[in-house]
Amino acid sequence: MRAIDGRRFVLASHNAGKLGEFDGLLAPFGYEVHSAGELGLPEPEETGTTFEENAYIKAFAAAKATGLPALSDDSGMCAEALDGRPGVHTADWATLSDGSRDFYVAMEKVETLLREKGASTPDQRRARFVAVLCLCFPDGEAEYYRGEAPGHLIWPPRGNLGFGYDPVFQPDGRERTFGEMTAEEKHGWKPGHAEALSHRARAFRSFARARLGVV
Ligand code: IMP
């Protein structure tokens, strides 16, 4: 497997919520991590139709610009009754006409569509969060790590922890939404633990096993 020289890499994300979660997940490993925002890198347009394609676009842009390996995350929420939407457009559904984002608006949009479909029971409201990590080298060589968290969508939103769609997502086997969980509970994973709950922690766990020498 190709080495990450010098234990340095770039996190190809401008999303403060995701960066905070990554910092927490990476903290124990002693890697020097720079974020795309801190390096002043532009945000590339996410024109892909899959999480993998968008993760590659972000990681390759950051790796090419810095000459360092880059790790990106493309993620989103897929509702079964909506044929997998919003999917790769999860962030776009929160974007207002002035370019700012309001996730309450996005959650309401999902709720309206679920009601139009008559989806009222937890079974009819099944959804999953997906996270795909892409580790890309400056020459374009890439590898992928995918994690999924199955659950269902609730209404009204509950909890103000976390970010994005966390307050409407209740993962399987839990009574609380991601918005009601501390970061530790939401991810449910640290090195040496087999369990992981969030999609990002599950993707990160497979990255850490392959790349950071973690069991
Ligand atoms: P992107 O990966 O930057 O295209 O954005 C994905 C979007 O999915 C984010 O802006 C969030 O709204 C949503 N999302 C991804 N992961 C999570 C999560 O862990 N909790 C809540 N929302 C999430």
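1. A polar contact is a pair of N or O atoms within 3.5 Å, and this meaning is needed for the ligand, where a polar side-chain atom of His-199 lies 3.1 Å from a nitrogen atom of the ligand. Please keep in mind throughout that the model is predicted, and that the distances below are therefore those of a predicted model.

2. The surroundings of the ligand can be taken next. In total, 19 residues surround the ligand, and the closest are Lys-18, Phe-103, Asp-166, Lys-186 and Arg-200. For Lys-186, a polar side-chain atom lies 2.7 Å from an oxygen atom of the ligand, while for Arg-200 an N or O atom in the side chain is 2.8 Å from a nitrogen atom of the ligand. Of the 490 Å² of accessible area that the ligand has on its own, the protein covers 96%.

3. The sheet deserves a careful look with the structure open. Six strands make up an open sheet, whose order is E2-E1-E3-E4-E5-E6 and whose pairing is mixed. Strand E2 (32-35) and strand E6 (169-171) stand at the edges, and because each has a single partner strand, one side of each is left without a neighbour in the sheet. On average, neighbouring strands of this sheet are turned by 35 degrees against each other, if direction is ignored. As a general point, the strands of a sheet pair through backbone hydrogen bonds, and they do so either parallel or antiparallel.

4. One pairing can be followed residue by residue. Strand E1 (residues 8-11) and E2 run parallel and are joined by four bridges, and the partner of Val-10 in E2 is His-34. Helix H1 (residues 16-26) packs on the sheet, where it touches E1, E2, strand E3 (70-79) and strand E4 (126-136), and the direction of H1 makes about 120 degrees with that of E3.

5. The side chain of His-34 makes a polar contact of 3.3 Å with the side chain of Glu-38. Not counting residues up to four places away in sequence, His-34 touches Arg-8, Phe-9, Val-10, Leu-11, Leu-39 and Leu-68.

6. Ser-75 is found in strand E3, and since its relative accessibility is 18%, Ser-75 counts as buried too.

7. Phe-178 lies in the loop between E6 and helix H4 (183-187), and because its relative accessibility is 0%, Phe-178 counts as buried. Phe-178 and Ser-198 are 20 residues apart in sequence, and their C-alpha atoms are 8.5 Å apart in space.

How values were computed: Residues are numbered from 1 along each chain as its sequence is written. This is a predicted model: local features need pLDDT of at least 70, side-chain atom pairs count only at pLDDT 80 or more; totals for chains, interfaces and linings use all residues. Side-chain values use heavy atoms; hydrogens and water are left out. Two strands pair if DSSP finds at least two bridges between them. Helices (H or I, at least four residues) and strands (E, at least two) are DSSP runs, numbered from the N terminus. Axes are lines fitted to C-alpha atoms, for helices over the stretch in contact, and angles run from 0 to 180 degrees between N-to-C directions. Contact means heavy atoms within 4.5 Å. A residue is near a molecule or strand if one of its heavy atoms lies within 4 Å of it. A polar contact is a pair of N or O atoms within 3.5 Å; within protein, one must be able to donate a hydrogen and the other to accept it, and residues adjacent in sequence count only if both atoms are side-chain atoms. Accessible areas come from the Shrake-Rupley method with a 1.4 Å probe; for residues, only the protein chains shown count as cover. Buried means under 20% relative accessible area, exposed over 50%, partly exposed in between (1.4 Å probe, protein chains only).
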